[in-house]
Amino acid sequence: MLNWIDRRTGFVTMAKDFLTEDVPGGASYWYVFGSATLFAMIVQIVTGIFLTFFYAPSAMTAWESTKYIYDHPFQHTVLSIHYWGASAMIALVFLHLLQVVIWGAYKSPREIQWIVGVLLLLVTMVLGLTGYLLPWDMDAYFASQVAINLTLNVPFIGGWIQQFVQDGTTMGTLTINRFFGLHVWLMPAALVALVGAHLAIFRWNGPAGPPVEDPRPLRRGRFWPDQLFMDTVASLLVLIGIVALATFWPPFLDVKADPTVQFTPYPAWYFLDLFGLLNIVPGNLEIVGAIIIPGIATTLLILLPWIDRSTTRVTGSRKFILWLLGVSLLIIWALTIWSQLSIMQKQAAAPAGGPPAVAAKEQANMTKSGTSNVSPPSATAAVSPAAKAGQAVYSQNCSSCHGAAGAGTPPNFPPLAANSFVTGDPKQVILTVLNGKTGAIQVNGANYNGMMPPWKPSLSTKDIANVVTYIRSALGTNRAGPVTPADVAKLKK
Ligand code: HEC
């Protein structure tokens, strides 16, 4: 039977060849990082495919379908495994790379295998980045917005990339679709193709073995069964680790993305270093932190086999490269820790722009009844600096007609407190304040008719943003989301 198949396909011979591969120096637990990474990738593919059965990529459904996944224990477990599997995969790729660098395994004739490996690291990071947006909660939205805006720094084609991933002036359904296409189709396809190439080249060159300068040929070992056993043990440990993390620290879903709220996003841990780098460089030099430094670092990484040209792989004779590695790691760690601390500080200063996560249920209900476009109440906007500044603008310019507490004066001046127009669509409120308003209106069943002057000529963009934020979020019982000067500037034309 096996013979019959083998004669027609060659599969059995291939499998035999594969299993009898030589392992220089004998099987070793030092060789498991590559296969453990491969295993984590398989976990990601399997759980990822499962999640696509439930996830629906659009602005109306992304968060809602993720919520559905969170609300069902089995789906939630798979999602948690996918979440921690991503971290595990990045960590393992990194460890694998670290070992290759320390052992000098990138040296001739393995340069191409090395380059493919670096590309795999990049693809893995893009997978992490694109996956981060999909739940469409506050973190997803605001962290991805940072990433999308950074693409503008890419020379020449930045605007094109930004348009491609965002597709529109604001993030929405098309953005989710682009990220979804990248995350579940293009990047996994690239990943599998590159892994195939990586392994094929690996088979061609054979394993590099430990970095020893020993003229005697190393003791030969076999892949089967010793190394395969060790690889399996390592993969099992990875699986246990991922499942344990998924069980004890499942990720949590924040409220649905609300662009009108101010929010300090938290990136995935493997992007904290880049985030920190961006915060160090001054705003007008963003391109340095976003493109130049990471670009140089990646180029140096790719060129490593040509930078370290000595033929020896013995660690003792490659002090320069190992120093370089140590310093790079120190910088990465320092940036990561610094970034973590500064985000924590920012979040503590302006505790979560959004309502607490318990409100998620409420919002899900609101969504069902079709009122989700009303911004969720922002518990902290009342004390936000923008609202405070807006209060000053209000008492100087608006209180004479609308009243100090926003109660209004019939029959001309409508109340602004407890007025659903004011807490409704922020665009309309901004337009009213910019351009004024006349004609009969109805607020809470009472009629008003008067002339509201346009404020565009006399108030700055920032003052208008602040005063609208104030009347929406802090006047009387109004608790709607704030607006930003950028929102105002957009409508000012
Ligand atoms: C000179 C008096 C006056 C001042 C000052 C004034 N408003 Fe008004 N405002 C009005 C009148 C009158 C209306 C109702 C217009 C109408 O009848 O359509 C109005 C309407 C509004 C509305 C729309 C309410 C609704 O339900 O349609 C908003 C929002 C508003 N004002 C905000 C402001 C803000 C913010 C300021 C200060 C920057 C301000 N107003 C200053 C007279 C004033």
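The largest nonpolar core here has 64 residues, and Ala40, Met89, Leu134, Trp136 and Ala140 have the most contacts inside it. A nonpolar core means a set of buried Ala, Val, Leu, Ile, Met, Phe, Trp, Tyr and Cys residues joined through C-beta atoms within 7 Å. At least two residues of this core come from each of helix H3 (32-52), helix H4 (62-71), helix H5 (73-103), helix H6 (111-133), helix H7 (138-150), helix H9 (173-205), helix H10 (223-248) and helix H11 (272-280). H5 gives the most, with 11 residues. Apart from this core lies another one, of 21 residues, among them Trp455, Ile464, Val483 and Val488.

This is a predicted model: local features need pLDDT of at least 70, side-chain atom pairs count only at pLDDT 80 or more, and totals for chains, interfaces and linings use all residues. Residues are numbered from 1 along each chain as its sequence is written.

**The overall picture**

- The protein is divided into domain 1 (19-257 + 264-349) and domain 2 (380-491), with bounds that come from an automatic or database domain assignment.
- Taken over C-alpha atoms, the centres of the two domains are 47 Å apart.
- The C-alpha trace spans about 100 × 55 × 40 Å along its principal axes.
- There are 21 helices and 4 strands; these are DSSP runs numbered from the N terminus, with helices (H or I) of at least four residues and strands (E) of at least two.
- Of the 493 residues, 34% count as buried. A residue is buried if 20 or more other C-beta atoms lie within 10 Å of its own, exposed if 12 or fewer, and partly exposed in between, with C-beta atoms placed from the backbone.
- Among contacts with a separation of 6 or more, 76% are between residues 24 or more positions apart. Two residues are in contact if their C-beta atoms, placed from the backbone, lie within 7 Å.

**Residues to look up around the helices**

- Met89 touches Thr37, Ala40, Met41, Gln44 and Thr124, not counting residues up to four places away in sequence.
- Leu191 sits in helix H9 and counts as buried because 20 other C-beta atoms lie within 10 Å.
- Leaving aside neighbours within four places in sequence, Leu191 is in contact with Met41, Leu120 and Val123. Leu191 and Met41 are 150 residues apart along the chain, yet their C-alpha atoms are separated by 9.0 Å.
- The C-alpha atoms of Phe18 and Ala465, 447 residues apart along the chain, are separated by 66 Å.

**The ligand and the hairpin**

- Of the 29 residues around the ligand, Cys398, Cys401, Phe421, Gly450 and Met452 come nearest. A residue is near a molecule if its C-beta atom, placed from the backbone, lies within 6 Å of it.
- Two or more residues of this shell come from each of helix H17 (399-402), helix H18 (420-423), helix H19 (426-435), strand E3 (437-443), strand E4 (446-452) and helix H20 (461-473).
- By class, the shell has 18 nonpolar, 10 polar and 1 charged residues. Here Ala, Val, Leu, Ile, Met, Phe, Trp, Tyr, Cys and Pro count as nonpolar, Asp, Glu, Lys and Arg as charged, and the others, Gly among them, as polar.
- E3 and E4 run antiparallel and are joined by 7 bridges; two strands pair if DSSP finds at least two bridges between them.
- Val443 stands opposite Ala446 in E4. The hairpin has 2 residues between the strands, and Asn444 takes a positive phi near 50°.

**Backbone details in the loops**

- The peptide bond from Ser108 to Pro109 is cis, with omega near 5°; Pro109 is in the loop between H5 and H6.
- Pro410 and Pro411 are also joined by a cis peptide bond, with omega about 0°, and Pro411 is in the loop between H17 and H18.
- Trp136, in the loop between H6 and H7, has a positive phi of about 60° although it is not a glycine. Trp136 is buried because 30 other C-beta atoms lie within 10 Å.
- Phe156, in the loop between H7 and helix H8 (158-166), has a positive phi of about 65°. Phe156 counts as exposed because it has 7 C-beta neighbours inside 10 Å.
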